[in-house]
Amino acid sequence: MNTPCTEKHRALGPFEPTVILHGGAGAISRASLPPELWARYEASLLKYLADARKLLDSGASALDAACAAATWFEDDPLFNCGRGSVFTEQGTIEMEASVMVCSLDPSGSPAGQIKRGAAVSLIRNTRHPILLAREVLLAADGDQGMGGTSTMHCHLSGRDVEEWGWKEKALEEKPDRWFWTRKRWEEHRRGLNLQNCYTYNDLLASTGRFAAMEEDGGGGDGVHEYPSQGTVGAVCLDSWGNLAVATSTGGLTNKKAGRIGDTPTIGSGFWAETWEEQLPATTSAVMRTRQEQDYGPITSRLLRPIGGVLGSCLNLFQDYEEYQPVINSRAYNSASQYRSPLQIPDIRRSTSQIRRRAVAMSGTGNGDSFLRTNAARTAASMCRFSSSISLTHAVNAIAGPGGELQQSAGDRWGLTGEGEGGIIGIEIDDGPVPTEFSVAHGYPHSKSSSACLSTKKRGRVVFDFNCGGLFRAFYELEERTGKETPKVMVFKKDY
(Lines give C-alpha, C1' and ligand atoms only; values in the text may rest on other atoms or scores of the structure.)
Protein backbone atom coordinates (compact mmCIF):
# COMPACT_ATOMS: atom_id res chain seq x y z
CA MET A 1 0.00 0.00 0.00
CA ASN A 2 1.58 3.27 -1.12
CA THR A 3 0.23 6.51 0.33
CA PRO A 4 0.99 9.71 -1.59
CA CYS A 5 3.03 12.35 0.18
CA THR A 6 0.21 14.88 0.48
CA GLU A 7 0.20 18.23 2.25
CA LYS A 8 -1.98 16.67 4.93
CA HIS A 9 0.60 14.02 5.72
CA ARG A 10 3.48 16.51 5.74
CA ALA A 11 1.54 18.58 8.30
CA LEU A 12 1.25 15.69 10.73
CA GLY A 13 4.84 15.31 11.90
CA PRO A 14 8.42 14.65 10.87
CA PHE A 15 8.27 10.82 10.78
CA GLU A 16 6.90 8.35 8.27
CA PRO A 17 4.63 6.07 10.34
CA THR A 18 4.91 2.30 10.17
CA VAL A 19 3.64 -0.86 11.82
CA ILE A 20 4.79 -4.44 12.35
CA LEU A 21 2.55 -7.26 13.62
CA HIS A 22 3.14 -10.75 14.97
CA GLY A 23 0.73 -13.64 15.31
CA GLY A 24 2.66 -16.25 17.25
CA ALA A 25 5.90 -18.24 17.09
CA GLY A 26 6.91 -21.81 17.78
CA ALA A 27 7.38 -25.25 16.28
CA ILE A 28 5.77 -24.35 12.97
CA SER A 29 6.59 -26.35 9.86
CA ARG A 30 5.18 -26.77 6.38
CA ALA A 31 3.83 -30.14 7.46
CA SER A 32 1.77 -28.54 10.24
CA LEU A 33 0.91 -25.47 8.16
CA PRO A 34 -0.62 -26.65 4.87
CA PRO A 35 -1.16 -24.12 2.07
CA GLU A 36 -4.88 -23.66 2.72
CA LEU A 37 -4.25 -22.83 6.39
CA TRP A 38 -1.32 -20.56 5.54
CA ALA A 39 -3.60 -18.68 3.15
CA ARG A 40 -5.97 -17.93 6.02
CA TYR A 41 -3.21 -16.64 8.27
CA GLU A 42 -1.74 -14.60 5.44
CA ALA A 43 -5.09 -12.99 4.60
CA SER A 44 -5.77 -12.01 8.21
CA LEU A 45 -2.29 -10.59 8.79
CA LEU A 46 -2.31 -8.69 5.51
CA LYS A 47 -5.69 -7.11 6.27
CA TYR A 48 -4.77 -6.08 9.81
CA LEU A 49 -1.47 -4.64 8.60
CA ALA A 50 -3.16 -2.53 5.91
CA ASP A 51 -5.93 -1.35 8.24
CA ALA A 52 -3.48 -0.34 10.96
CA ARG A 53 -1.46 1.58 8.41
CA LYS A 54 -4.55 3.40 7.20
CA LEU A 55 -5.21 4.54 10.76
CA LEU A 56 -1.67 5.84 11.13
CA ASP A 57 -1.71 7.58 7.77
CA SER A 58 -5.01 9.28 8.60
CA GLY A 59 -3.70 10.72 11.86
CA ALA A 60 -4.39 8.08 14.54
CA SER A 61 -1.93 7.80 17.39
CA ALA A 62 0.53 4.94 17.69
CA LEU A 63 -1.33 3.78 20.79
CA ASP A 64 -4.72 3.84 19.09
CA ALA A 65 -3.44 2.02 16.00
CA ALA A 66 -1.64 -0.67 17.99
CA CYS A 67 -4.66 -1.31 20.19
CA ALA A 68 -7.00 -1.38 17.19
CA ALA A 69 -4.83 -4.02 15.51
CA ALA A 70 -4.89 -6.12 18.66
CA THR A 71 -8.70 -5.99 18.81
CA TRP A 72 -8.91 -7.38 15.28
CA PHE A 73 -6.72 -10.29 16.33
CA GLU A 74 -8.84 -10.80 19.45
CA ASP A 75 -11.94 -11.35 17.30
CA ASP A 76 -10.13 -13.80 14.99
CA PRO A 77 -10.26 -17.45 16.21
CA LEU A 78 -7.06 -18.23 14.27
CA PHE A 79 -5.01 -16.57 16.99
CA ASN A 80 -4.49 -17.41 20.65
CA CYS A 81 -6.09 -14.31 22.13
CA GLY A 82 -9.61 -13.07 22.75
CA ARG A 83 -12.06 -15.35 20.97
CA GLY A 84 -9.36 -17.84 19.98
CA SER A 85 -7.86 -18.20 23.47
CA VAL A 86 -6.70 -21.57 24.73
CA PHE A 87 -8.18 -23.33 27.75
CA THR A 88 -6.56 -23.75 31.15
CA GLU A 89 -6.09 -27.14 32.77
CA GLN A 90 -9.48 -26.65 34.44
CA GLY A 91 -11.25 -25.88 31.16
CA THR A 92 -11.55 -22.12 31.69
CA ILE A 93 -10.33 -19.10 29.71
CA GLU A 94 -7.85 -16.65 31.32
CA MET A 95 -6.56 -13.90 29.03
CA GLU A 96 -3.78 -11.32 29.34
CA ALA A 97 -2.94 -8.09 27.53
CA SER A 98 -0.52 -5.18 27.79
CA VAL A 99 0.36 -1.82 26.29
CA MET A 100 3.39 0.47 26.53
CA VAL A 101 4.28 3.80 24.98
CA CYS A 102 7.22 6.15 24.67
CA SER A 103 7.92 9.35 22.77
CA LEU A 104 11.11 10.41 21.06
CA ASP A 105 10.42 14.00 22.20
CA PRO A 106 11.26 14.30 25.93
CA SER A 107 8.50 16.90 26.32
CA GLY A 108 6.14 14.25 24.97
CA SER A 109 2.77 13.74 26.60
CA PRO A 110 1.95 16.07 29.49
CA ALA A 111 3.34 14.80 32.78
CA GLY A 112 0.89 12.81 34.85
CA GLN A 113 -1.55 12.16 32.04
CA ILE A 114 -0.18 8.86 30.82
CA LYS A 115 1.70 5.93 32.25
CA ARG A 116 4.43 4.27 30.22
CA GLY A 117 3.17 0.72 30.54
CA ALA A 118 0.12 -1.17 31.81
CA ALA A 119 -1.23 -4.70 31.76
CA VAL A 120 -4.19 -6.85 32.78
CA SER A 121 -4.36 -10.56 33.53
CA LEU A 122 -6.81 -13.27 34.61
CA ILE A 123 -9.38 -11.75 32.26
CA ARG A 124 -12.37 -14.00 31.48
CA ASN A 125 -15.28 -12.09 30.00
CA THR A 126 -14.01 -8.87 28.44
CA ARG A 127 -14.31 -9.09 24.67
CA HIS A 128 -11.16 -7.03 24.09
CA PRO A 129 -8.61 -7.39 26.92
CA ILE A 130 -6.28 -5.01 25.07
CA LEU A 131 -8.78 -2.17 25.49
CA LEU A 132 -8.94 -2.88 29.21
CA ALA A 133 -5.14 -2.62 29.41
CA ARG A 134 -5.36 0.65 27.49
CA GLU A 135 -7.86 2.06 29.98
CA VAL A 136 -5.57 1.13 32.86
CA LEU A 137 -2.74 2.93 31.04
CA LEU A 138 -4.80 6.06 30.52
CA ALA A 139 -6.43 6.25 33.96
CA ALA A 140 -5.55 9.85 34.88
CA ASP A 141 -4.54 11.33 38.23
CA GLY A 142 -7.66 13.48 38.05
CA ASP A 143 -9.77 10.31 38.02
CA GLN A 144 -7.89 9.00 41.07
CA GLY A 145 -6.92 5.88 39.15
CA MET A 146 -8.22 2.46 40.17
CA GLY A 147 -9.76 1.85 43.58
CA GLY A 148 -9.79 5.51 44.56
CA THR A 149 -6.02 5.81 44.59
CA SER A 150 -3.58 7.87 42.57
CA THR A 151 -0.74 5.36 42.54
CA MET A 152 -1.10 4.79 38.80
CA HIS A 153 -1.02 0.99 38.98
CA CYS A 154 0.57 -0.73 36.01
CA HIS A 155 -0.73 -4.32 36.39
CA LEU A 156 -4.25 -5.24 37.49
CA SER A 157 -5.98 -8.61 37.36
CA GLY A 158 -9.20 -10.45 37.96
CA ARG A 159 -12.88 -9.69 38.18
CA ASP A 160 -12.60 -6.27 39.82
CA VAL A 161 -10.70 -4.68 36.97
CA GLU A 162 -13.10 -6.28 34.47
CA GLU A 163 -16.13 -4.83 36.24
CA TRP A 164 -14.44 -1.44 36.35
CA GLY A 165 -13.95 -1.68 32.60
CA TRP A 166 -17.57 -2.65 31.95
CA LYS A 167 -19.19 -0.16 34.33
CA GLU A 168 -16.92 2.86 34.11
CA LYS A 169 -15.28 2.54 30.68
CA ALA A 170 -18.17 0.95 28.73
CA LEU A 171 -16.08 -2.00 27.56
CA GLU A 172 -17.95 -4.96 26.10
CA GLU A 173 -18.72 -7.99 28.27
CA LYS A 174 -19.19 -11.40 26.68
CA PRO A 175 -20.34 -14.76 28.14
CA ASP A 176 -17.93 -17.68 28.45
CA ARG A 177 -19.16 -19.37 25.29
CA TRP A 178 -18.15 -16.34 23.18
CA PHE A 179 -14.53 -17.35 23.70
CA TRP A 180 -14.97 -21.11 23.21
CA THR A 181 -13.96 -22.69 19.93
CA ARG A 182 -13.98 -26.33 18.97
CA LYS A 183 -10.34 -26.12 17.87
CA ARG A 184 -9.09 -24.96 21.28
CA TRP A 185 -11.33 -27.36 23.17
CA GLU A 186 -9.99 -30.32 21.23
CA GLU A 187 -6.42 -29.17 21.92
CA HIS A 188 -7.32 -28.95 25.60
CA ARG A 189 -8.80 -32.46 25.76
CA ARG A 190 -5.96 -34.05 23.76
CA GLY A 191 -3.45 -32.45 26.08
CA LEU A 192 -5.13 -34.07 29.06
CA ASN A 193 -5.59 -37.40 27.22
CA LEU A 194 -9.36 -37.04 27.58
CA GLN A 195 -10.35 -36.92 23.93
CA ASN A 196 -13.34 -39.26 24.29
CA CYS A 197 -15.13 -37.75 27.26
CA TYR A 198 -16.94 -34.45 27.70
CA THR A 199 -16.96 -33.37 24.08
CA TYR A 200 -17.30 -29.87 22.67
CA ASN A 201 -21.01 -30.52 22.19
CA ASP A 202 -21.26 -31.35 25.88
CA LEU A 203 -19.54 -28.06 26.66
CA LEU A 204 -22.00 -26.15 24.51
CA ALA A 205 -24.94 -28.02 25.98
CA SER A 206 -23.88 -26.84 29.43
CA THR A 207 -24.84 -23.33 28.36
CA GLY A 208 -28.46 -24.36 27.87
CA ARG A 209 -30.35 -22.33 25.30
CA PHE A 210 -27.13 -21.06 23.73
CA ALA A 211 -26.19 -24.53 22.50
CA ALA A 212 -27.86 -23.96 19.15
CA MET A 213 -25.68 -20.92 18.53
CA GLU A 214 -22.49 -22.93 18.02
CA GLU A 215 -20.03 -21.46 15.59
CA ASP A 216 -17.21 -23.39 13.97
CA GLY A 217 -14.40 -21.12 15.14
CA GLY A 218 -12.01 -22.39 12.49
CA GLY A 219 -11.68 -25.97 13.69
CA GLY A 220 -13.39 -28.05 11.04
CA ASP A 221 -10.74 -28.26 8.34
CA GLY A 222 -7.82 -30.06 9.91
CA VAL A 223 -6.66 -26.92 11.72
CA HIS A 224 -7.00 -28.80 15.01
CA GLU A 225 -3.69 -30.51 14.30
CA TYR A 226 -1.83 -27.21 14.24
CA PRO A 227 -0.08 -26.22 17.51
CA SER A 228 -1.78 -23.38 19.36
CA GLN A 229 0.82 -20.71 18.67
CA GLY A 230 -0.84 -17.36 18.29
CA THR A 231 -0.02 -14.70 20.90
CA VAL A 232 -0.43 -11.45 18.99
CA GLY A 233 1.36 -8.13 19.08
CA ALA A 234 1.50 -4.80 17.25
CA VAL A 235 4.26 -2.21 17.32
CA CYS A 236 3.47 1.17 15.76
CA LEU A 237 5.37 4.38 15.01
CA ASP A 238 3.40 7.57 14.37
CA SER A 239 4.44 10.73 12.61
CA TRP A 240 5.35 12.50 15.84
CA GLY A 241 7.93 9.92 16.86
CA ASN A 242 5.69 8.14 19.37
CA LEU A 243 6.06 4.36 19.68
CA ALA A 244 3.42 2.01 21.08
CA VAL A 245 3.31 -1.72 21.62
CA ALA A 246 0.16 -3.77 22.27
CA THR A 247 0.27 -7.51 23.07
CA SER A 248 -2.58 -9.94 23.80
CA THR A 249 -2.77 -13.67 24.54
CA GLY A 250 -4.75 -16.55 25.97
CA GLY A 251 -1.56 -18.02 27.44
CA LEU A 252 -0.36 -21.63 27.34
CA THR A 253 -2.67 -24.52 26.52
CA ASN A 254 -3.62 -26.32 29.74
CA LYS A 255 -1.72 -23.87 31.90
CA LYS A 256 -2.42 -23.92 35.62
CA ALA A 257 -5.35 -21.68 36.51
CA GLY A 258 -4.00 -18.37 37.79
CA ARG A 259 -0.75 -18.56 35.82
CA ILE A 260 0.66 -15.16 34.80
CA GLY A 261 2.86 -15.16 31.70
CA ASP A 262 5.22 -12.76 29.96
CA THR A 263 2.56 -10.87 27.99
CA PRO A 264 1.39 -8.78 30.98
CA THR A 265 4.81 -8.66 32.66
CA ILE A 266 6.55 -5.39 31.87
CA GLY A 267 10.04 -5.95 30.50
CA SER A 268 9.55 -9.62 29.64
CA GLY A 269 7.09 -9.88 26.74
CA PHE A 270 6.97 -6.19 25.81
CA TRP A 271 8.89 -2.95 26.27
CA ALA A 272 9.15 0.64 24.97
CA GLU A 273 11.88 3.09 25.89
CA THR A 274 13.52 6.30 24.70
CA TRP A 275 16.78 7.96 25.71
CA GLU A 276 19.37 10.56 24.71
CA GLU A 277 22.98 9.82 23.89
CA GLN A 278 26.12 11.95 23.71
CA LEU A 279 28.16 11.00 20.66
CA PRO A 280 31.97 11.02 20.98
CA ALA A 281 33.26 13.89 18.88
CA THR A 282 36.33 11.97 17.71
CA THR A 283 34.62 8.76 16.58
CA SER A 284 34.60 8.39 12.83
CA ALA A 285 31.92 6.71 10.76
CA VAL A 286 34.48 4.23 9.44
CA MET A 287 35.60 3.18 12.92
CA ARG A 288 32.04 2.79 14.12
CA THR A 289 31.07 0.75 11.06
CA ARG A 290 33.97 -1.61 11.72
CA GLN A 291 32.83 -1.98 15.32
CA GLU A 292 29.31 -2.78 14.19
CA GLN A 293 30.57 -5.53 11.93
CA ASP A 294 32.27 -7.05 14.95
CA TYR A 295 29.24 -6.87 17.23
CA GLY A 296 29.97 -10.15 19.02
CA PRO A 297 32.99 -8.66 20.84
CA ILE A 298 31.00 -5.43 21.28
CA THR A 299 28.41 -7.40 23.22
CA SER A 300 31.15 -8.66 25.49
CA ARG A 301 32.52 -5.14 25.96
CA LEU A 302 29.01 -3.91 26.66
CA LEU A 303 28.67 -6.28 29.60
CA ARG A 304 31.87 -5.13 31.33
CA PRO A 305 30.61 -1.74 32.54
CA ILE A 306 27.15 -3.11 33.39
CA GLY A 307 28.15 -6.59 34.43
CA GLY A 308 27.03 -6.01 37.98
CA VAL A 309 23.57 -5.17 36.75
CA LEU A 310 22.96 -7.37 33.73
CA GLY A 311 26.02 -9.56 33.33
CA SER A 312 24.75 -12.36 35.53
CA CYS A 313 21.52 -12.47 33.56
CA LEU A 314 23.10 -12.77 30.16
CA ASN A 315 25.11 -15.43 28.41
CA LEU A 316 25.52 -13.89 25.01
CA PHE A 317 27.22 -15.39 22.04
CA GLN A 318 29.28 -14.44 19.04
CA ASP A 319 29.19 -15.07 15.32
CA TYR A 320 25.42 -15.33 15.03
CA GLU A 321 23.87 -14.83 11.62
CA GLU A 322 21.81 -11.73 10.91
CA TYR A 323 19.20 -12.35 8.24
CA GLN A 324 16.57 -9.62 8.71
CA PRO A 325 15.82 -7.38 5.78
CA VAL A 326 16.20 -3.65 6.30
CA ILE A 327 12.62 -2.50 6.55
CA ASN A 328 11.21 0.87 7.45
CA SER A 329 8.43 3.27 8.39
CA ARG A 330 5.39 5.51 7.40
CA ALA A 331 2.87 8.38 8.58
CA TYR A 332 0.78 9.57 11.81
CA ASN A 333 -0.38 12.16 14.37
CA SER A 334 -1.81 11.72 17.82
CA ALA A 335 -5.45 12.05 18.70
CA SER A 336 -7.56 11.70 21.85
CA GLN A 337 -5.85 11.10 25.19
CA TYR A 338 -2.40 10.10 23.93
CA ARG A 339 -1.28 13.55 22.82
CA SER A 340 1.35 14.29 20.22
CA PRO A 341 3.91 17.03 20.94
CA LEU A 342 3.22 20.30 19.19
CA GLN A 343 6.66 20.13 17.65
CA ILE A 344 9.83 18.12 17.93
CA PRO A 345 12.87 20.32 18.60
CA ASP A 346 15.51 20.34 15.89
CA ILE A 347 18.43 19.06 17.93
CA ARG A 348 20.81 19.75 15.05
CA ARG A 349 20.62 23.43 15.95
CA SER A 350 21.82 22.83 19.49
CA THR A 351 24.58 20.27 18.93
CA SER A 352 25.75 17.83 16.32
CA GLN A 353 26.90 15.37 19.01
CA ILE A 354 23.55 14.43 20.51
CA ARG A 355 21.11 11.86 19.25
CA ARG A 356 17.88 10.48 20.62
CA ARG A 357 16.94 6.85 20.24
CA ALA A 358 13.77 4.91 20.96
CA VAL A 359 12.79 1.26 20.76
CA ALA A 360 9.58 -0.73 21.20
CA MET A 361 9.20 -4.53 21.15
CA SER A 362 6.65 -7.31 21.46
CA GLY A 363 7.53 -10.95 22.05
CA THR A 364 5.79 -14.26 21.43
CA GLY A 365 6.71 -17.84 22.21
CA ASN A 366 7.46 -19.73 25.41
CA GLY A 367 6.43 -17.14 27.98
CA ASP A 368 8.27 -18.55 30.94
CA SER A 369 11.55 -18.25 29.04
CA PHE A 370 10.79 -14.60 28.28
CA LEU A 371 10.15 -14.09 32.00
CA ARG A 372 13.38 -15.77 33.09
CA THR A 373 15.51 -13.71 30.73
CA ASN A 374 13.50 -10.46 31.02
CA ALA A 375 13.83 -10.62 27.26
CA ALA A 376 12.41 -7.34 25.93
CA ARG A 377 13.99 -5.10 28.56
CA THR A 378 17.34 -6.85 28.18
CA ALA A 379 17.35 -6.16 24.43
CA ALA A 380 16.55 -2.49 25.08
CA SER A 381 19.32 -2.28 27.68
CA MET A 382 21.87 -3.59 25.22
CA CYS A 383 20.95 -0.73 22.89
CA ARG A 384 20.83 1.92 25.59
CA PHE A 385 24.05 1.11 27.42
CA SER A 386 26.13 0.74 24.28
CA SER A 387 25.66 3.41 21.64
CA SER A 388 27.10 1.04 19.04
CA ILE A 389 24.49 -1.75 19.34
CA SER A 390 21.34 -1.51 17.22
CA LEU A 391 17.98 -3.08 18.02
CA THR A 392 18.59 -5.50 15.14
CA HIS A 393 21.67 -6.88 16.86
CA ALA A 394 20.07 -6.87 20.31
CA VAL A 395 16.95 -8.75 19.18
CA ASN A 396 19.19 -11.23 17.36
CA ALA A 397 21.24 -11.75 20.53
CA ILE A 398 18.14 -12.46 22.60
CA ALA A 399 15.66 -14.17 20.25
CA GLY A 400 17.81 -15.27 17.32
CA PRO A 401 19.27 -18.74 16.76
CA GLY A 402 21.63 -19.59 19.62
CA GLY A 403 20.60 -16.49 21.55
CA GLU A 404 19.77 -15.92 25.18
CA LEU A 405 16.27 -17.41 24.97
CA GLN A 406 17.61 -20.62 23.44
CA GLN A 407 20.51 -20.80 25.87
CA SER A 408 18.14 -20.38 28.81
CA ALA A 409 16.58 -23.77 27.96
CA GLY A 410 19.88 -25.59 28.45
CA ASP A 411 19.71 -29.29 27.67
CA ARG A 412 15.91 -29.06 27.42
CA TRP A 413 16.18 -27.14 24.15
CA GLY A 414 14.29 -28.91 21.38
CA LEU A 415 12.50 -31.25 23.77
CA THR A 416 9.83 -29.23 25.55
CA GLY A 417 9.41 -25.99 23.58
CA GLU A 418 11.26 -24.12 26.30
CA GLY A 419 13.20 -21.13 25.01
CA GLU A 420 11.36 -20.96 21.68
CA GLY A 421 10.12 -17.57 20.54
CA GLY A 422 10.56 -14.42 18.56
CA ILE A 423 10.58 -10.65 18.97
CA ILE A 424 9.38 -7.86 16.67
CA GLY A 425 10.16 -4.19 17.12
CA ILE A 426 10.76 -0.71 15.78
CA GLU A 427 13.78 1.48 16.43
CA ILE A 428 14.20 5.23 15.88
CA ASP A 429 17.51 7.07 15.61
CA ASP A 430 16.89 10.83 15.62
CA GLY A 431 20.43 12.12 15.78
CA PRO A 432 22.24 14.48 13.43
CA VAL A 433 21.36 13.44 9.89
CA PRO A 434 22.99 11.24 8.80
CA THR A 435 24.44 9.88 12.05
CA GLU A 436 27.29 7.43 12.10
CA PHE A 437 24.96 4.95 13.77
CA SER A 438 22.28 5.29 11.12
CA VAL A 439 24.78 4.95 8.28
CA ALA A 440 26.22 1.81 9.84
CA HIS A 441 22.77 0.28 10.26
CA GLY A 442 21.16 1.19 6.98
CA TYR A 443 18.72 3.93 7.97
CA PRO A 444 17.49 5.41 4.69
CA HIS A 445 18.46 9.08 4.84
CA SER A 446 17.76 9.10 1.15
CA LYS A 447 18.83 11.51 -1.55
CA SER A 448 16.68 9.74 -4.10
CA SER A 449 14.00 11.27 -6.23
CA SER A 450 11.31 10.22 -3.79
CA ALA A 451 9.82 13.30 -2.14
CA CYS A 452 8.59 11.24 0.79
CA LEU A 453 12.04 9.87 1.50
CA SER A 454 13.71 13.27 1.33
CA THR A 455 11.31 15.01 3.73
CA LYS A 456 10.41 12.43 6.36
CA LYS A 457 12.46 10.67 9.01
CA ARG A 458 12.12 6.91 9.23
CA GLY A 459 12.30 4.24 11.85
CA ARG A 460 13.54 0.72 11.34
CA VAL A 461 11.46 -2.42 11.71
CA VAL A 462 13.28 -5.51 13.02
CA PHE A 463 12.45 -9.09 13.98
CA ASP A 464 14.12 -12.39 14.78
CA PHE A 465 13.20 -15.85 16.07
CA ASN A 466 14.90 -19.09 17.03
CA CYS A 467 12.20 -21.63 16.24
CA GLY A 468 10.33 -23.08 13.26
CA GLY A 469 8.41 -19.95 12.43
CA LEU A 470 7.13 -16.52 13.46
CA PHE A 471 3.94 -15.13 11.92
CA ARG A 472 4.72 -11.51 11.07
CA ALA A 473 3.53 -8.71 8.80
CA PHE A 474 5.37 -5.49 7.95
CA TYR A 475 6.14 -3.01 5.19
CA GLU A 476 9.34 -3.53 3.26
CA LEU A 477 10.90 -0.38 1.83
CA GLU A 478 12.86 -0.19 -1.40
CA GLU A 479 15.04 2.82 -0.65
CA ARG A 480 15.95 3.67 -4.23
CA THR A 481 12.36 4.04 -5.40
CA GLY A 482 10.68 4.84 -2.08
CA LYS A 483 8.08 2.13 -2.71
CA GLU A 484 6.80 0.05 0.17
CA THR A 485 5.51 -3.48 -0.16
CA PRO A 486 3.30 -5.18 2.45
CA LYS A 487 4.88 -8.48 3.41
CA VAL A 488 3.60 -11.44 5.40
CA MET A 489 5.96 -14.22 6.43
CA VAL A 490 6.15 -17.16 8.82
CA PHE A 491 9.45 -18.88 7.99
CA LYS A 492 12.84 -17.30 7.42
CA LYS A 493 12.16 -17.52 3.70
CA ASP A 494 8.90 -17.02 1.84
CA TYR A 495 6.32 -19.77 2.30
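Modeller: Start with the word buried: a residue counts as buried at under 20% relative accessible area. By that rule, 59% of the 495 residues of the protein are buried. Keep in mind that this is a predicted model.

Colleague: Why is G158 called buried?

Modeller: Its relative accessibility is 13%, and the limit is under 20%, so G158 counts as buried. G158 sits in the loop between β4 (155-157) and α5 (159-169).

Colleague: Which residues does G158 touch, apart from those up to four places away in sequence?

Modeller: G158 touches S121, L122 and I123; a contact needs heavy atoms within 4.5 Å. For E94, 64 residues away along the chain, there is a C-alpha separation from G158 of 9.2 Å.

Colleague: What makes β4 and β13 edge strands?

Modeller: The sheet is open and has eight strands, in the order β4-β3-β2-β6-β5-β1-β12-β13, with mixed pairing. β4 and β13 (483-489) each have a single partner strand, so one side of each has no neighbour in the sheet. On average, neighbouring strands in this sheet are turned by 10° against each other, direction ignored.

Colleague: How do you know that β12 and β13 pair?

Modeller: Pairing requires at least two bridges. Strand β12 (residues 469-478) and β13 have seven bridges, in the antiparallel sense, so the pair meets the requirement. E478 stands opposite K483 in β13.

Colleague: Which strands does helix α3 lie across?

Modeller: Helix α3 (residues 62-74) lies across β1 (18-26), β2 (95-103), β5 (232-237) and β6 (242-249). It runs at about 20° to β6.

Colleague: Why are W38 and F471 called stacked?

Modeller: Ring centres must lie within 6.5 Å to pair, and planes under 30 degrees apart count as stacked. W38 and F471 are 6.3 Å apart centre to centre, with 20° between the planes, so the pair passes on both counts. W38 is in helix α2 (residues 35-57) and F471 in strand β12, so the pair ties together parts 433 residues apart in sequence. Both residues, W38 and F471, are buried.

Colleague: What makes the pair of Y48 and F73 edge-to-face?

Modeller: The ring centres of Y48 and F73 are 5.0 Å apart, and their planes stand at 75°. Edge-to-face means over 60 degrees, so the pair takes that label. Y48 belongs to helix α2 and F73 to helix α3, 25 residues apart. Both Y48 and F73 are buried.

Colleague: How many aromatic pairs are found in the whole structure?

Modeller: The search finds ten. One aromatic cluster is formed by W38, Y41, Y48, W72, F73, F79, F471, F491 and Y495.

Colleague: Which residues have the most contacts inside the largest nonpolar core?

Modeller: L21, L33, F79 and V99, in a core of 61 residues. A second, separate core has 45 residues, including W275, M361, A376 and F463. Beyond its neighbours within four places in sequence, L21 is in contact with residues including L45, Y48, F73, I424 and F471.

Methods:
Residues numbered from 1 in each chain as written. Predicted model: local features only at pLDDT ≥ 70, side-chain atom pairs only at ≥ 80, totals over all residues. Heavy atoms only, no water. Helix = DSSP H or I, 4+ residues; strand = E, 2+ residues; numbered from the N terminus. Buried < 20%, exposed > 50% of the residue type's maximum accessible area, 1.4 Å probe, protein only. Core = buried A, V, L, I, M, F, W, Y, C linked by side-chain atoms within 4.5 Å. Axes fitted to C-alpha atoms, helices over the stretch in contact; angles between N-to-C directions. Phe/Tyr/Trp six-rings, centres within 6.5 Å; stacked < 30°, edge-to-face > 60°.
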